[in-house]
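Here's a quick briefing to read alongside the model. Keep the sequence and the 3D view open as you go.

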Amino acid sequence: MSDKTAKQLTAMDAGFLSCHDCGKLLEAGQMIQDRAVLTCTRCNSELHFRKPHSIARVWALIITAMVLFIPANLLPIMRVDFLGTKSYSTIMDGIIYFFHEGEYGIGLIIFIASVLVPLFKMIGMVIILLSIQFKWRKGLRHKSSMFRFIEFIGRWSMLDIFVIALMSTLVSFGGFTATVAAPAATYFSTVVVCTMVAALTFDSRLLWDA
Amino acid sequence: MTTTNDLIACPGCDLLLKKIESVPGKKLFCPRCNTVLVHKKVHSITKVLAISISGLLVYIPAIFLPLLTLHSMGMTQSGSIFDAFLSFYHQKYYIVAVLVLITSVFFPLLNLSLLFSVSLQLRMRSYSRSLPFLFRTALHMDEWGMPDVYLIALLVSIVKINSVATIDYNIGFFCFIFLVLMTRASTSTLDPEAFWQKIEEIRLLSTFGKNDVR
């Protein structure tokens with residue numbers, strides 16, 4: 001289907017508010033205007049035509065995530081102690097280890113979950129934000145499906161953190177071998193939280209308003 | 001004259017559309033942005049009730065019983081999902097520890113128990129003022145509770161550990177797999193629109209007085 005971007009009637013144009021949480025459609029004119037906050041008659045959540053300050057908030061979260069992504073990848077995320085010798089490894093070291101061991105499937109899963117997915121989320125959100133601000137109206141359908149994909153894959157980046165949690169619990173044989181977390185774990189999990197909150201804060205309807 | 005009940009706004013792009021009846025199990029997409037508009041499911045409330053009960057039954061063994069026991073060089077070591085949180089906590093990675101606790105222990109429980117209480121209340125047709133809030137929270141828990149991600153992490157760890165130690169699978173492991181299956185099943189049988197319509201219906205009934213019911 002081609003981009004039929006001739007102005008189509010939206011709920012906002014027609015004076016309807018649709019609830020973010022339960023999707024109920026309400027007539028804005030009917031609502032009592034003197035109250036500061038309008039609430040949905042079905043689920044009690046706050047009503048807005050669009051999520052408030054969505055673009056500014058998403059920029060803030062994405063920039064935070066981008067800054068923290070640098071230490072998350074450069075610093076070690078895991079430390080393995082073997083007979084008294086400590087060896088640190090970054091996210092990439094862990095992935096390369098799997099490829100050396102011949103576990104290509106596992107290496108690929110970790111690479112996708114902890115490198116490609118965060119990168120894709122950040123770059124994708126920047127493209128979406130820029131296209132709203134500069135009113136690029138090309139490929140809106142692709143952009144909104146990209147956003148839905150970003151929303152969907154967000155949580156899978158936690159994979160590496162969970163692996164470290166399990167390894168440090170299970171692989172701890174006294175002085176022999178132990179696996180411990182290293183500083184990048186904090187940075188990396190903050191990146192994941194920031195990008196997930198960004199996807200929640202973003203209002204995809206703004207893409208079509210621009 | 002059309003009222004708001006005949007119309008629907010696309011959650012993805014706000015396009016105003018006329019509501020059409022759809023067959024259960026079939027998805028309807030927005031013509032402009034391709035977001036799923038309607039996806040009706042059969043007997044959603046009853047199914048969610050049943051699934052959340054069976055999920056809650058295995059919750060405690062799944063989280064607190066050991067998943068695996070490792071044998072290596074004459075030593076053994078075992079751990080549960082909860083121990084994994086504790087190990088981050090003892091290593092003083094508090095932010096990561098809290099995040100792991102929330103996403104793997106706390107939210108899966110909250111998700112199942114909220115779905116249980118909401119679907120039970122809807123089945124019993126008893127409206128309480130907190131009902132909409134409980135269901136809204138349950139919908140958010142679905143995103144932030146990550147037992148399914150945890151399961152994949154567990155499988156990755158097993159592959160990693162396999163080369164250094166022999167592994168025994170404990171009850172916790174199987175209970176956890178079952179918990180993940182139940183969580184996924186509750187997500188796929190959940191029809192939020194059906195829940196909201198039922199909530200609205202019993203809300204109206206409760207405001208008109210309970211005498212008129214039945």
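Helices (H or I, at least four residues) and strands (E, at least two) are DSSP runs, numbered from the N terminus. With that in hand, I167(B) sits in strand β7 (residues 166-169) of chain B. You're looking at a predicted model, where local features need pLDDT of at least 70, side-chain atom pairs count only at pLDDT 80 or more, and totals for chains, interfaces and linings use all residues. Residues are numbered from 1 along each chain as its sequence is written, while chains are lettered from A and ligands numbered from 1 in the order in which they are written.

**Confidence**

- The model comes with an ipTM of 0.88 and a pTM of 0.89.
- For chain A the average pLDDT (the predictor's confidence in each residue, from 0 to 100) is 87, and 92% of the residues score at least 70.
- For chain B the average is 89, with 95% of the residues at 70 or above.
- Within chain A, helix α1 (residues 54-74) has the highest confidence at 95, and strand β5 (residues 172-173) the lowest, at a mean of 78.

**Domains**

- Chain A splits into domain 1 (8-49) and domain 2 (54-209), with bounds that come from an automatic or database domain assignment.
- The C-alpha centres of those two domains of chain A are 35 Å apart.
- Chain B splits into domain 1 (1-40) and domain 2 (42-208), and their centres, taken over C-alpha atoms, are separated by 31 Å.

**Where the chains meet**

- Chain A puts 53 residues into the contact and chain B puts in 52.
- On the side of chain A that touches chain B, helix α5 (residues 159-170) of chain A gives the most, with 10 residues.
- That side of chain A has 30 nonpolar, 15 polar and 8 charged residues; Ala, Val, Leu, Ile, Met, Phe, Trp, Tyr, Cys and Pro count as nonpolar, Asp, Glu, Lys and Arg as charged, and the others, Gly among them, as polar.

**Helix α3 of chain A**

- Helix α3 (residues 104-133) of chain A has 30 residues and runs 41 Å from its first C-alpha to its last, close to the 44 Å expected at 1.5 Å a residue (the expected span is 1.5 Å times one less than the number of residues).
- α3(A) has a kink of about 35° centred on I112(A), where the bend is the angle between axes fitted to the seven residues ending there and the seven starting there.
- K135(A) follows α3(A) and has a positive phi, near 55°.

**Residues to look at in chain B**

- Leaving aside neighbours within four places in sequence, I167(B) is in contact with L68(B), L70(B), I158(B), I161(B) and N162(B).
- K92(B) lies in the loop between α2 (81-90) and α3 (94-124) of chain B, and its phi is positive, near 65°, though it isn't a glycine.
- K92(B) is exposed, because it has 9 C-beta neighbours inside 10 Å.
- R125(B), also not a glycine, has a positive phi of about 55° and lies in the loop between α3 and α4 (131-144) of chain B.
- With 14 other C-beta atoms within 10 Å, R125(B) is partly exposed.

Definitions and conventions
Contact = placed C-beta atoms within 7 Å. Buried ≥ 20, exposed ≤ 12 C-beta atoms within 10 Å, placed from the backbone.
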